[in-house]
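Trainee: Could you show me how to read the charged contacts and the surface in a model like this one?

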Amino acid sequence: MTVKTIATPSGADSFASWIDGSWRESDTRYPATNPAEGRPFTDLAAASTDDVDAAVASAGAAFRKTRGARPATRAEWCRSAARALLASHEELAEVLSTEHGKPVAEARGEILFAVRGLEMAAESVLALGGETPHVQDANKRAIVRREGLGVWAVITPWNFPVNIPVEYIGPALASGNAVVWKPAPTTAVVAAKFREILLAADFPQELLQLVITNEVAVASHLVTHPGIAAVGFTGGSGTGQAIAKAAWDKKLLLELGGNSPVVVLGDADLDLAAAAIANAAFWNAGQVCSAAGKVLVAASCADELTRLLATRATDTVLGSPLDPEVTMGPVHLESSIARYDRLIEDARERGADVVTGGERIADQDGFFFPPTVLSSVGRDAALFTEETFGPVASLTVFDDEDDMVAAANAGDFGLVGSLFTTDVSKAFQIGERIDCGLVVVNDTSNYWEYSLPFGGAAGRRSGRGRLGGRWVIDEFSQVKTLVIDVR
């Protein structure tokens, strides 16, 4: 594959941070890699801690200047951003496919979904009202309303480098906040192009600062900065725990890891289940926090489900993400393949069978790993409890439904689960017993819409708070009470 030349943002010599109204260059650079070729295709200017200070100061000034903006005004800011993104979505989709590795159709779908996210943020803030609670003092009147918190540090991952930032940026702007956004270093070209697109939107531009860096120390400086009021983070549970400890004095919104249990009862529609599980395991090359982690299948239908799922795996077309016929591109990071190898080998040593896939594709450039299906995976296998974050579906057979529920709830995660049954009673009874923040019945565990709350169950390692709908507006605002003496 030949990498298409990607122009740097206008006014910038390279892909760089956008801070205080301009592109911020740096003598410190690092490469951006095309995972389909396995080699760098450009480089990026890495921000420093001084750049973070400048970004936080500029965002803080913009917050103070705009904090009186009415909800209708803030809603229009989000709609304007949505229009700008929609107008340039084809260009951004090619950049996203090149730098990330996902097929261009998936990239286009992600960006259009993000457009809807910005529109949803506008709709949600308009529905946000206040209260006038009763007080005992006859001379007092009380008003309770919501207002922005201040400057948010938003740190986003590489698996959905447009949509996940919008999940934070849209509600933040709609709720009256400013944002300093630090994207994943391996998808920072996408971030720079996205920020350039938003320069065409009609909102106070200093409300959204972009800090690009591959240095942990710079990111740590951001989340602990005294000018930051809140931190939003989507990523691994270990990093989320470190952020929670470092930024304990700030508002935290953390969407962390998952190992989604998929329960397939004996009465399930197996064709439907196989299609949904294939989506949950192989879409975006399995690099999704809600991807199918462990498929718990009734013994009566295990063989047939395994056959159907293996067929879908082998029918997947791997190749260049810019080829419209390709249905799965490379995985994003070469280092991920070592984790897949470790998990698969561990499962095999404990009695699992590799039905299809299971090894890196050696005769292709880039980081290609095929859709993989394993059967007879034991509960003692690491695949059963760890987040794979790759195109691997592992099946474990059960004879007892209560045992399946117990297995679904085993482990540290509680983000998303799914259940397949044609019995409505069991859909409620078992669905309510699966300890996840979201349970999807008879569809992929990757199903979600912006109007729905999304986040981990309490007491698990899948995060805190909720993204989505009116719930996220609550996360991005704080209650303010005004008491007036009317005498």
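Mentor: Let's begin with Glu-196 and Lys-193, whose side chains meet in a salt bridge at 3.2 Å, N to O. That term stands for a side-chain nitrogen of Lys or Arg within 4 Å of a carboxyl oxygen of Asp or Glu. This is a predicted model, where local features need pLDDT of at least 70, side-chain atom pairs count only at pLDDT 80 or more, and totals for chains, interfaces and linings use all residues. Residues are numbered from 1 along each chain as its sequence is written, and side-chain values use heavy atoms, leaving out hydrogens and water.

Trainee: How many residues apart are Glu-196 and Lys-193 in helix α6?

Mentor: They are 3 residues apart in helix α6 (residues 188-198), so about one helical turn separates them. Helices here are DSSP runs of H or I with at least four residues, strands are runs of E with at least two, and both are numbered from the N terminus.

Trainee: Is Lys-193 buried or exposed?

Mentor: Buried means under 20% relative accessible area, exposed over 50%, and partly exposed in between (1.4 Å probe, protein chains only). Lys-193 is buried at 5%, and Glu-196 is buried at 18%.

Trainee: Which residues do salt bridges with shared partners join into one network?

Mentor: Asp-137, Lys-140, Asp-485 and Arg-487. The whole structure has 28 salt bridges.

Trainee: What about Lys-102 and Glu-110?

Mentor: Their side chains meet in a salt bridge at 2.6 Å, N to O. Lys-102 is buried at 3% relative accessibility, and Glu-110 is buried at 5%.

Trainee: And Arg-83 with Glu-76?

Mentor: Their side chains form a salt bridge at 2.7 Å, N to O. Arg-83 is partly exposed at 48%, as is Glu-76 at 31%.
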